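Welcome! Here is a short briefing to read with the structure open beside you. Take it one topic at a time, and look for each residue as its name comes up.

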Amino acid sequence: MDQKLTKAAIIENIHQKLGLNRTDIHQVIDELFEEIKDGLKDNRVIELRGFGTFEVRIRKGREKARNPKTGDVVSVDRHGVALFRAGKELKDFVWDITTDSKDEV
């Protein structure tokens, strides 16, 4: 059983539930993602009440980091990372999920 829920599947699910045009749904979802990315680029915190918060955290650079693929020592510059923190409602919603997707193979 495939555990991934793709953007295409989300668009299809919304289409089935609401009967809206797939192209319009796709445009709205893409625009939502662009707004989130633009907000992060401007170093803004994006708060979606009941869902969660997106923000950028700055990671310190390091002279001696290791490339996990090759094992080579590399230097890493200071850089931003995207962070998502689930909101209380989302945390409560998933709290009782007890099956690990890896267990259902």
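A residue is called buried when its relative accessible area is under 20%, exposed when that value is over 50%, and partly exposed in between. With a relative accessible area of 13%, T53 is therefore buried. Please keep in mind that this is a predicted model.

- Where does T53 lie? Its place is in strand β2.
- Which residues is T53 in contact with, leaving aside its neighbours within four places in sequence? They are V45, I46, E47, L83, F84 and R85.

- Strands β3 (residues 62–66) and β4 (residues 73–76) run antiparallel and are joined by 3 bridges.
- One spot to look at is R62, which stands opposite V76 in β4.
- The two strands β3 and β4 form a hairpin with 6 residues between them, and G71 in the turn has a positive phi of about 85°.
- V73 belongs to strand β4. Apart from neighbours within four places in sequence, V73 is in contact with K64, A65 and R66.
- V73 and E63 are 10 residues apart in sequence, and their C-alpha atoms are 8.7 Å apart in space.

**Salt bridges**

- How many salt bridges are there? The count comes to 7.
- One of them joins the side chains of K7 and D30, with 2.6 Å from N to O. This pair links distant parts of the chain, since K7 is in helix α1 (residues 7–18) and D30 is in helix α2, 23 residues apart.
- K7 is partly exposed at 33% relative accessibility, and D30 is partly exposed at 27%.
- R22 and E12 form another salt bridge, and their closest N and O atoms are 2.7 Å apart. Again distant parts of the chain are linked: R22 sits in helix α2 and E12 in helix α1, 10 residues apart.
- R22 is partly exposed at 41% relative accessibility, as is E12 at 28%.
- A salt bridge also brings together the side chains of E47 and R49, at 3.1 Å from N to O. E47 is partly exposed, at 47%, whereas R49 is exposed, at 75%.
- E55, R57 and R85 are linked in a network of salt bridges.

**A nonpolar patch on the surface**

- F93, V94 and I97 form a nonpolar surface patch, and together they have about 330 Å² of accessible area.
- I97 is found in the segment after α3 (88–94).
- Is I97 buried or exposed? Its relative accessible area is 54%, so I97 counts as exposed.

Notes:
Residues are numbered from 1 along each chain as its sequence is written. This is a predicted model: local features need pLDDT of at least 70, side-chain atom pairs count only at pLDDT 80 or more; totals for chains, interfaces and linings use all residues. Side-chain values use heavy atoms; hydrogens and water are left out. Patches are made of residues with over 30% relative accessible area and no salt bridge: like charges are joined within 9 Å, nonpolar side chains (Val, Leu, Ile, Met, Phe, Trp, Tyr) within 5 Å. Accessible areas come from the Shrake-Rupley method with a 1.4 Å probe; for residues, only the protein chains shown count as cover. A salt bridge is a side-chain nitrogen of Lys or Arg within 4 Å of a carboxyl oxygen of Asp or Glu. Helices (H or I, at least four residues) and strands (E, at least two) are DSSP runs, numbered from the N terminus. Buried means under 20% relative accessible area, exposed over 50%, partly exposed in between (1.4 Å probe, protein chains only). Contact means heavy atoms within 4.5 Å. Two strands pair if DSSP finds at least two bridges between them.
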